[in-house]
Amino acid sequence: QNKKKMTSKLVSFHSAIFNHFSGHKYQYQLSVLLTSIQEACKKVNAEIRKAPLNGALGVSGDQNIQGESQQKLDVIANDCWVKILSETKQVAAMVSEEVENIITVKGSSKAPFIVSFDPLDGSSNIDFGIPIGSIFSVHLNKYPDDLKKSCLQTGNEIIISGYSNYGSFTSLVIASKNSVNNFTLDETIGEFILTNKDIKMPKKG
């Protein structure tokens, strides 16, 4: 069995993240950052659900840095991520698939983290109701006097990564060097709940 089932006691995202990073040098800062990331995912999820009613389906008329046509929801999702992460005071700069240059946060060049993300992956599926998602990774801001250099660190230097899947239900997976945990959005209370703890690859299969 590749997943450890949770007990009947529900564990909130906030509790799970704070406890997971207990004793970590950046416990408080990581808790603030990841709480903001899950808020961005909840906001994007809400925008997707109401997109057909708001005229937010279809292309925006612009292209992203890959030369792909931007969907209206790409732009909306990117704005959500940038706005929410900028307000944390924990992010020095961001790298988005939807924006050509790095996004710096005014007054936060010394903040501890760099966040890279694709705010809405799978744009070609948007109009068909097929699952889409957000992808992100977090680096330490090792070079506060050269944010571009901080943004160009290798994958081996990632301290946290994850994704959110927006489908028949909304999930958020957070991976650190120590474990991988899956959260599911309970839309009745608007909170992510820990549903699969310490996920591991099976030894066989």
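What follows is a walk through the cysteines, aromatic rings, helix packing and backbone angles of this structure. This is a predicted model, in which local features need pLDDT of at least 70 and side-chain atom pairs count only at pLDDT 80 or more, while totals for chains, interfaces and linings use all residues. Residues are numbered from 1 along each chain as its sequence is written, and side-chain values use heavy atoms, with hydrogens and water left out.

Let us begin with the cysteines. A disulfide is a covalent bond between the sulfur atoms of two cysteines. Here a disulfide is taken to be a pair of cysteine sulfur atoms within 2.5 Å, and the structure holds zero of them. For Cys41, the nearest cysteine sulfur belongs to Cys80 and is 10 Å away. For Cys151, the nearest one is that of Cys41, 19 Å away. Cys41 has 1% relative accessibility and therefore counts as buried; the word means under 20% relative accessible area, with exposed meaning over 50% and partly exposed lying in between (1.4 Å probe, protein chains only). Cys151, at 13%, also counts as buried.

Next, the aromatic rings. A pair of aromatic rings is described by the distance of the centres and the angle of the planes. Rings of Phe, Tyr and Trp (its six-membered ring) pair if their centres lie within 6.5 Å; planes under 30 degrees apart count as stacked, over 60 as edge-to-face and the rest as tilted. By this rule there are five aromatic pairs. One of them joins Tyr26 and Phe113: the centres are 5.9 Å apart and the planes are at 65 degrees, so the pair is edge-to-face. Tyr26 lies in the loop between α1 (13-20) and α2 (27-54), whereas Phe113 is in strand β6 (residues 113-121), so the pair ties together parts that are 87 residues apart in sequence. Helices (H or I, at least four residues) and strands (E, at least two) are DSSP runs, numbered from the N terminus. Phe113 counts as buried, at 0% relative accessibility.

Trp81 and Phe136 also pair, this time tilted, with 6.1 Å from centre to centre and 40 degrees between the planes. Trp81 sits in helix α3 (residues 72-86) and Phe136 in strand β7 (residues 132-140), so this pair links distant parts of the chain, 55 residues apart. Trp81 is buried at 0% relative accessibility, and Phe136 is buried at 3%. Elsewhere, Phe13, Phe183 and Phe192 form one aromatic cluster.

Now to the helices. The axes of α2 and α3 come within 9 Å and cross at roughly 155 degrees; these axes are lines fitted to C-alpha atoms over the stretch in contact, and angles run from 0 to 180 degrees between N-to-C directions. The two helices are therefore roughly antiparallel to each other, a label for angles over 145 degrees, with under 35 counting as roughly parallel, 65 to 115 as roughly perpendicular and the rest as oblique.

Finally, two backbone angles deserve a look. Lys89, though not a glycine, has a positive phi of about 65 degrees. Lys89 is found in the loop between α3 and β4 (91-96) and counts as exposed at 56% relative accessibility. Asp198 has a positive phi too, near 55 degrees. This residue lies in the segment after β11 (191-197), and Asp198 counts as buried at 17% relative accessibility.
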